[in-house]
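This report covers a strand hairpin, a helix pair, and the pockets and cavities of one model. The sequence and structure come first.

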Amino acid sequence: MTAETFVTHAPGEVRIIADRHGDPGARAVVFLHGGGQTRRSWGRAAAAVAERGWQAVTVDLRGHGESDWASGGDYRLVSFAADVHEVLRTLPPDPVLVGASLGGCAAMLLGGELAPRVASAVVLVDIVPNMDPSGAQRVQAFMAENMESGFDSLDQVADAIAAYNPHRPRPSDLGGLAANLRRRGDRWYWHWDPLFISGPEHQGPMEIHDVERLNAAVQTILDGGVPMLLVRGQLSDLVSAANAEEFLTRFPQVEFVDVAGAGHMVAGDRNDIFADAILGFLARHSA
């Protein structure tokens with residue numbers, strides 16, 4: 001199924017790039033990637049959703065992929081949420097939000113603060129407000145390690161990813177990695193704006209550390225009758241079993257899927273199980 005790329009102009013004249021899979025008149029499932037990723041990380045899951053008659057929309061968040069870098073380095077969580085809100089204005093009513101990590105936090109603030117009930121359902125992919133601080137630090141360290149220096153080759157990129165995700169087989173075809181990188185001179189650099197990590201603290205997504213604010217946003221979403229699903233990777237170091245249990249105890253109405261063999265990058269690690277979980281959730285809440 002061929003994807004259609006479209007552009008949304010968000011606050012601050014930031015161009016947000018997204019792909020549409022499926023019928024543009026159908027209800028949308030909007031996929032929001034994690035920090036340091038792109039819309040292409042959802043390819044197979046989006047195709048599976050579109051095949052079931054939904055419109056699957058994969059978004060490059062500001063500063064990532066082909067979307068614009070924010071002038072002044074505005075990468076606050078509320079800014080990501082506002083961008084996604086503008087994308088939703090172009091889609092049919094009652095979209096479903098699927099957010100991984102950073103994208104999941106943006107979905108919380110969008111549905112729980114900025115525009116309550118804007119979504120008909122929310123899926124959080126390996127993210128909860130009370131995430132494990134050491135896991136979050138490991139993610140940030142991985143992103144920062146080669147941020148300025150770049151890489152000599154795609155082999156070096158693959159080695160870095162394999163060291164971070166040792167449970168995932170190292171790809172034999174390195175061509176797919178190029179979609180996550182930019183070539184400058186004779187070196188490869190991550191596709192995202194370095195200010196996302198190294199910019200002024202007050203311009204960064206510091207809201208991800210405000211556990212009570214995010215919990216309050218989740219409560220608002222659920223109080224509005226919006227169903228929610230948490231999909232966790234069993235090998236995740238960001239959402240431990242204890243983190244998930246605490247979240248589900250606080251919000252017992254949230255549905256839960258624990259994906260064996262998957263780490264923090266659930267959709268990439270076990271797309272088959274992930275897609276089935278999303279499709280099952282959509283089938284239960286598609287009215």
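R184 has R187, in β8, as its bridge partner. In this predicted model, strand β7 covers residues 181-184 and strand β8 covers residues 187-190. The two strands run antiparallel and are joined by four bridges.

Together β7 and β8 make a hairpin, with two residues between the strands. In the turn, G185 has a positive phi of about 65°.

## Largest cavity

The count of cavities of 30 Å³ or more comes to two. The volume of the largest cavity is about 50 Å³. R184, the bridge partner of R187, belongs to the lining of this cavity. By class, the lining has six nonpolar residues, no polar ones and one charged residue.

## Second largest cavity

The second largest cavity holds about 30 Å³ of space. G111, A115, R117, V118, A119, V122, I221 and V226 line this cavity. Six of the residues in the lining are nonpolar, one is polar and one is charged.

## Packing of α2 and α3

Helix α2 spans residues 77-89, and α3 spans residues 102-114. The helix axes lie 8 Å apart, and the packing angle is about 75°. An angle of 65 to 115 degrees counts as roughly perpendicular, and α2 and α3 are therefore roughly perpendicular to each other.

On the α2 side, the contact is made by L77, V78, F80, A81, A82, V84, H85 and L88. These residues meet L102, C105, A106, L109, L110 and L114 of α3. The contact of α2 with α3 has 13 nonpolar residues and one polar residue, with no charged ones.

## Largest pocket

What volume does the largest pocket have? About 960 Å³ of space lies in the largest pocket. Its lining is made up of 39 residues. Q37, S41, R168, N180 and G268 are the lining residues that lie nearest the centre of the pocket.

Four helices each supply at least two residues of the lining: α1 (43-51), α4 (133-145), α5 (154-164) and α9 (266-269). The largest share comes from α5, with five residues. Divided by class, the lining of the largest pocket contains 21 nonpolar, 13 polar and five charged residues.

## Second largest pocket

The space in the second largest pocket is about 670 Å³. This pocket has a lining of 32 residues. Among them, M131, A136, Q140, I208 and H209 lie nearest its centre. Two or more residues of the lining come from each of α3, α4 and α6 (195-198).

Which element gives the most to this lining? α4 does, with six residues. α4 also supplies at least two residues to the lining of the largest pocket. α3, which packs against α2, is one of the elements giving two or more residues to the lining of the second largest pocket. By class, this lining comprises 20 nonpolar, 10 polar and two charged residues.

Definitions and conventions:
Residues numbered from 1 in each chain as written. Predicted model: local features only at pLDDT ≥ 70, side-chain atom pairs only at ≥ 80, totals over all residues. Heavy atoms only, no water. 1 Å grid on protein atoms, 1.4 Å probe; cavity = no way out; pocket = protein on both sides within 12 Å on 5 of 7 lines; lining within 4 Å. Points joined across faces, edges and corners; volume = space filled by probe spheres on them. Nonpolar A, V, L, I, M, F, W, Y, C, P; charged D, E, K, R; others polar. Axes fitted to C-alpha atoms, helices over the stretch in contact; angles between N-to-C directions. Parallel < 35°, antiparallel > 145°, perpendicular 65-115°, else oblique. Contact = heavy atoms within 4.5 Å. Pairing = 2+ DSSP bridges.
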